[in-house]
Amino acid sequence: MATGRTHRPATRSRGIPEATVARLPLYLRALTALSERSVPTVSSEELATAAGVNSAKLRKDFSYLGSYGTRGVGYDVEYLVYQISRELGLTQDWPVVIVGIGNLGAALANYGGFASRGFRVAALIDADPAMAGKPVAGIAVQHTDELEKIIDDNGVSIGVIATPAGAAQQVCDRLVAAGITSILNFAPTVLSVPEGVDVRKVDLSIELQILAFHEQRKAGEEATPPERETAGTGEPGVATTPKRPSVAADRPAAGASGDGSRQGPDGDVPAVMPA
């Protein structure tokens, strides 16, 4: 099996948009679940629902892969699994190093999903001399003094940073200097990297803060009932049932043009735009 340094995925050269690339793993996860249940084909609507996107977007994304499905049948699940895996570069072996073996780094090392998705944890690295030699997830932790040699010996091109924020940039610089071209950053800081190095940031605190925003908004909506307009007054209050206009009111008044000029000026009822 090829290693991570042999070639790079072809998504950029083929002109696949980054937004589409970001959704491909979602499709792959849904398709893998279908494959495990021995489902042979799936419609765009069913797959879009499973992946959490709309079907029109899914069909557009798949058109970049050259896959259009069969009318009345849908998409072949096994072929799509292979096609997306190939496009993402998951048909080869990607050795990964994890730097920072604290609680988070150890949890990542013990994550069983790496191997099944084409990633092999080649080494665990930590700056604490007391950690050197200790087994984590069956792999002996190595000291950061050996970082460059470890990367070179294993042909690593993907590094995972799980260090404290203060050490992350220095670790990043060493990884890049050693030949790492893709970094997954769990440290709560923004990394500075040269052109040609890809960084994906995972910040759990930011995700929680976004959820807190939505929770606060939902709580505010539940606590504040919507204002209702009292019929005929234009003032907030208890809504009343509007009375049926009299027959005389249906006729234009003397001198009225009948062209709608009896309504108030534009802007009496402001448009409410969704947030």
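Which helices and strand each supply at least two residues of the lining of the second largest pocket? They are helix H5 (103-109), E4 and H8; the points below build up to that pocket.

1. This is a predicted model, in which local features need pLDDT of at least 70, side-chain atom pairs count only at pLDDT 80 or more, and totals for chains, interfaces and linings use all residues. Residues are numbered from 1 along each chain as its sequence is written, and side-chain values use heavy atoms, with hydrogens and water left out.

2. Let's start with the sheet. Seven strands form an open sheet in the order E5-E6-E4-E3-E7-E8-E9, with mixed pairing (strands are DSSP runs of at least two residues and helices of at least four, numbered from the N terminus; two strands pair if DSSP finds at least two bridges between them). Strand E5 (135-136) and strand E9 (198-201) each have a single partner strand, so one side of each is left without a neighbour in the sheet.

3. Strands E3 (residues 94-99) and E4 (residues 119-126) pair in the parallel sense over 6 bridges. Val99 stands opposite Ile125 in E4.

4. Two helices come next. Helix H7 (residues 147-154) lies across E3, E4 and strand E6 (139-143), running at about 165° to E4 (angles run from 0 to 180 degrees between N-to-C directions, with axes fitted to C-alpha atoms, for helices over the stretch in contact). Helix H8 (residues 165-177) packs on the sheet and touches E3, strand E7 (158-161) and strand E8 (182-185), where contact means heavy atoms within 4.5 Å.

5. Now back to the pocket (an open set of points on a 1 Å grid over the protein atoms alone, with protein on both sides within 12 Å along at least five of seven lines; lining residues have an atom within 4 Å of a point). The second largest pocket has a volume of about 250 Å³, the space filled by probe spheres set on the points, using a 1.4 Å probe. Of its 21 lining residues, the closest to the centre are Ala127, Thr163, Pro164, Ala167 and Val171. H8 gives the largest share of the lining, 4 residues.
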